[in-house]
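Welcome! Have the sequence and the model side by side, and let us walk through the fold together, one stop at a time.

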Amino acid sequence: MPRLAPSLFRQARKQISPFAPLLLPVCRTLDSTANELRWIKEHVNSTDSLVPRKLGIWQACLKREKGIPLQYILGNQPFGPLDILCKPGVLIPRPETESIITHLTTLLPFSSSPLKILDLCTGTGCIPLLIASLLPSTSQTLGVDISPLAISLSRQNLSHNISLSHLPLSASKSITFTKSDIFSSSSLSSLPFSPGELDILTSNPPYISPAGFNKNTERSVRLYEPKLALVPDVNLGKGYDCLPEDVFYARLLEIVSVLQPKRVLFEVGDVEQARRVAEMVVTGGELKNYAGTVEIWRDNPEGEEKERISLRNNGEEVEVKGRGNGRGVYFWRKDC
């Protein structure tokens, strides 16, 4: 990353604020610095505290200077119509996740029948909560995570967004979050869904290799966001014929083969990983009901941009939709 010119720091101090030079190294541009400082000031002004206002702003800017994610400092992240609370120890929701989940909800045919939704590796609960906010007909939504911190925060996000009227009061009964290890042999038996009745299964699982985590992720991610939510434990790969970073998809597809959900969306790291996951779907002996339906979505899957790529193992082609990086693998049951 190139160093910033000293003149840029002088500009930040003169044009924006004496606090701005603290933010500039992580923001990199004057516009981004001005935006983050504005959000920090709004947060400090709206927070009841015995700390004087200017001291509170300075303390927040010092945290940001260290690389602490802004969402952990402010305590929240907008996500569609929702306000998602963010706390250290739980992965921060990304705009790309919002984009592909929003697109998913536009593909569902109109139905007055209530929908049943399962989100695995739910984190903050942002995915099932966003689906529930965009599809009011949801009747039973379950988010699952192995982290007690994540489950606690997802429940707080449910209550928080009901209190803000972003979700209906009925969501307190129709949406639940539970702690479970999806690799456990008992995890399937504890789910309240019979095979074939689930409308949507989603997951944004850990999908980064240890080498990729060290080389390709931002410093703030490596230092402050939970590695558990980003990099699969190497011990989970035993018994699965795949790359270590793909092991969650192998397990998720086992769950798909049992539950037979109508529609499935997995978030992935890039097009190459999406290709590998698509190959798992196409070659899965227990996934014949999904044959010929697999798509790869980019960060922004809406629009006219489309191409076809060949899978490496069998030469079958799948459609790649949208603009940006490879972000999701979507497939659906042929009878839906």
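**A walk from the rings to the sheet**

Phe 266 and Phe 331 are both buried, a word used for under 20% relative accessible area, with exposed meaning over 50% and partly exposed in between (1.4 Å probe, protein chains only). Before going on, please note that this is a predicted model, in which local features need pLDDT of at least 70, side-chain atom pairs count only at pLDDT 80 or more, and totals for chains, interfaces and linings use all residues. Residues are numbered from 1 along each chain as its sequence is written, and side-chain values use heavy atoms, with hydrogens and water left out.

Let us begin with the rings. Searching the whole structure turns up 7 aromatic pairs; rings of Phe, Tyr and Trp (its six-membered ring) pair if their centres lie within 6.5 Å, and planes under 30 degrees apart count as stacked, over 60 as edge-to-face and the rest as tilted. Among them are Phe 183 and Phe 248, whose ring centres are 4.9 Å apart with planes at 90 degrees, so this pair is edge-to-face. Phe 183 sits in the loop between strand S5 (175-179) and strand S6 (200-203), while Phe 248 belongs to helix H12 (residues 247-259), 65 residues apart. Helices (H or I, at least four residues) and strands (E, at least two) are DSSP runs, numbered from the N terminus. Phe 248 counts as buried, at 9% relative accessibility.

Phe 266 and Phe 331 are also an edge-to-face pair, at 5.8 Å centre to centre and 80 degrees between the planes. Since Phe 266 is in strand S7 (residues 263-267) and Phe 331 in strand S11 (residues 323-332), the pair ties together parts 65 residues apart in sequence.

S7 and S11 are antiparallel over 5 bridges, and Glu 267 stands opposite Gly 328 in S11. Strand S8 (residues 295-300) is also antiparallel to S11, with 5 bridges, whereas strand S4 (residues 138-145) runs parallel to S5, again with 5 bridges.

Tyr 249, Ala 250 and Leu 253 in H12 meet Gln 273, Val 277, Met 280 and Val 281 in H13, contact meaning heavy atoms within 4.5 Å.

Our last stop is the backbone. Most residues other than glycine have a negative phi. Cys 121, however, has a positive phi near 65 degrees, and Ser 165 has a positive phi near 65 degrees too. Cys 121 is buried, with a relative accessible area of 17%, whereas Ser 165 is exposed at 63%.

Note on methods: Pairing = 2+ DSSP bridges.
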